[in-house]
Each structure stands twice: as structure tokens, then as C-alpha cells.
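The model is shown below.

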Amino acid sequence: MSNGTKKNSHIKWVITVSILTFSLSLLFSFISNVAINGLAVIPAILVLLFVILVGIIFDLIGVATTIAKEEEFHAMATKKIAGSREAINLIRNSPKVSNICADVIRRYMWST
């Protein structure tokens, strides 16, 4: 991959993440405001717990893809264990997956 193509790829990624971040921010803000507005205390707490749980799950996915070793999943893939091919794809794209899961989604889930 040439230097110019690599630079264009990085610029495209930055633009994509920026648009995704802005869109998710609007979406989560709207959903949390609409979902909690006018609710009693117990359902509002349940919505809040759901938002926190989703943030934790995406944080776990982001960290897990960063520290996982691809070789172990190749062994699982040869045994045709379900999900091993998807795990390999996540690990190969771990910088992007980690950025989306651990940074973009988790930050907006915690800030809503």
C-alpha cells in the first residue's frame, strides 16, 4: 500500500468515525431523553441500568479484541467452532473495533 493510499485510508476512517460519533450522540441523547421523560422512578432506573449495561458490554468487546491472540482462534476455526471466524475478523480489525466499541459507543453511553 502506497503512502498516499494509506493517508487517504486514514482520512476516510477519521471522517467515518466522526460522522458515526455525531450520529450516535444524537441518537443516544434523543432516546435517553424520550425514554426517561415522564417515567416513574423505577422504570427510569431500569432504563439507566440498561444504558450502563450496554456501555459495559461494548467496553468489554473493545478491550477483548485488543488483547486477544489470533492464533488461538485459528485453532478453534479448524475445529469449526461457532463464532471463531467472526472473532478472527474482529481481532484483525482490533484497532477499529476497539475505537468504535471502547471509545465511541462507551463514551456516549456513559454521557447520556
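## Ala 77 and Ser 84

Leaving aside neighbours within four places in sequence, Ala 77 is in contact with Ser 84, Arg 85 and Ile 88, where contact means heavy atoms within 4.5 Å. Ser 84 has its place in helix 4; helices here are DSSP runs of H or I with at least four residues, strands are runs of E with at least two, and both are numbered from the N terminus. With the same exclusion of neighbours within four places, Ser 84 is in contact with Phe 73, Met 76 and Ala 77.

Is Ser 84 buried or exposed? Ser 84 counts as buried because its relative accessibility is 2%. Buried means under 20% relative accessible area, exposed over 50%, and partly exposed in between, with a 1.4 Å probe and protein chains only.

## Basis of the model

The model is predicted: local features need pLDDT of at least 70, side-chain atom pairs count only at pLDDT 80 or more, and totals for chains, interfaces and linings use all residues. Residues are numbered from 1 along each chain as its sequence is written, and side-chain values use heavy atoms, with hydrogens and water left out.

## The largest nonpolar core

Phe 73, Ala 77, Ala 87, Ile 88 and Ile 91 form the largest nonpolar core, which has 5 residues in all. Helix 3 (70-78) and helix 4 (84-92) each supply at least two residues of this core, and the largest share, 3 residues, comes from helix 4. A nonpolar core is a set of buried Ala, Val, Leu, Ile, Met, Phe, Trp, Tyr and Cys residues joined through side-chain atoms within 4.5 Å. In soluble globular proteins, nonpolar side chains tend to be buried together.

## Thr 65 in helix 2

Thr 65 lies in helix 2 (residues 41-67) and counts as buried because its relative accessibility is 7%. Its side chain reaches the backbone oxygen of Gly 62 at 3.0 Å.

Not counting residues up to four places away in sequence, Thr 65 touches Leu 90, Ile 91, Ser 94, Val 97 and Ser 98. Ile 91, one of these residues, also belongs to the largest nonpolar core.

## The chain as a whole

The secondary structure comes to 5 helices and 0 strands, in the pattern α-α-α-α-α along the sequence. Of the 112 residues in the chain, 23% are buried. Among contacts between residues at least 6 apart in sequence, 68% join residues at least 24 apart.

The chain exposes about 8,000 Å², of which carbon and sulfur atoms supply 68%; accessible areas come from the Shrake-Rupley method with a 1.4 Å probe, and for residues only the protein chains shown count as cover.

How values were computed. Polar contact = N/O pair within 3.5 Å; in protein donor to acceptor, adjacent residues only side chain to side chain.
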